[in-house]
Amino acid sequence: MPDGIEVIKMSAMRKAISKGMSRSYFTAPTFTLDYDIDMTNLFALRKQLIEPIMAKTGYKVTVTDLIGLAVAKILIKEEHRYLNASLINDAKAIELHHFVNLGIAVGLPDGLVVPVVHGADKMTLSDFVVASKDVIQKAQAGKLKAADMSGSTFSITNLGMFGVKSFNPIINQPNSAILGISATVDTPVAIDGQVVIHPIMGLSLTIDHRLVDGMNGAKFMLDLKALLENPLELLI
């Protein structure tokens, strides 16, 4: 072997990721929808919620928490049922879920895991903050059990903290879609004829075209955008 080249064995985690991502990439015909979200109101709401949520749960509410809960509230609507579904029986039948088990991608030094917040659609914001922190902390400590990583109906992945402006996340099979969260950037926008600076975040929805068409994916993203830009409904 030439000098300067090292060959190492794949870890068990890396092998599992490789197998899962290959199966997803080469099996599902996908497309990605990109949207810009004005985060002005969501940031203001989070600022107001930090202290009361901390007092109630012991945790700081994050933007990912708010987006995750918003996703769950939108997904449970009947008109978006195919975004919360799975293909079964060799892709000959569709399994519709009347609940939202939200997978949250967590990056670790050796790879990626997707712990699951079960029953996210039934949770209050405080409930979701506690549940998401619980599974994320288990993931980071290497203490996830099989039940913590099974049964997801939809997944989200956040690379915004690394300055990523947009990306095409690969679906966590057997989910029909995954939402990628990108960085928030101060951006000039035109409002009422005036140019102002607002925090704009990128969202990317990758969809399995066998289950969901472009129009349906766009309707989901418009509903999610409306909720994130007018987020008081998250508290109702």
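Two strands are said to pair if DSSP finds at least two bridges between them, and helices (H or I, at least four residues) and strands (E, at least two) are DSSP runs numbered from the N terminus. This is a predicted model, in which local features need pLDDT of at least 70 and side-chain atom pairs count only at pLDDT 80 or more, while totals for chains, interfaces and linings use all residues. Residues are numbered from 1 along each chain as its sequence is written, and side-chain values use heavy atoms, with hydrogens and water left out.

Strand β8 pairs with two strands, as the table sets out.

| Strand paired with β8 | Sense | Bridges | Residues opposite |
|---|---|---|---|
| β4 (residues 102-104) | parallel | three | G103 and S155 |
| β9 (residues 177-191) | parallel | four | I181 and N158 |

β8 is mostly covered, four of its five residues being buried (under 20% relative accessible area, with exposed over 50% and partly exposed in between; 1.4 Å probe, protein chains only).

The structure holds one aromatic pair, where pairing requires rings of Phe, Tyr or Trp (its six-membered ring) with centres within 6.5 Å, and planes under 30 degrees apart count as stacked, over 60 as edge-to-face and the rest as tilted. The rings of F154 and F220 have centres 5.9 Å apart and planes at 45°, so this pair is tilted. Because F154 belongs to β8 (residues 154-158) and F220 to helix α5 (residues 214-229), the pair ties together parts that are 66 residues apart in sequence. F154 is buried at 0% relative accessible area, and F220 is likewise buried at 0%.

Key: Contact = heavy atoms within 4.5 Å.
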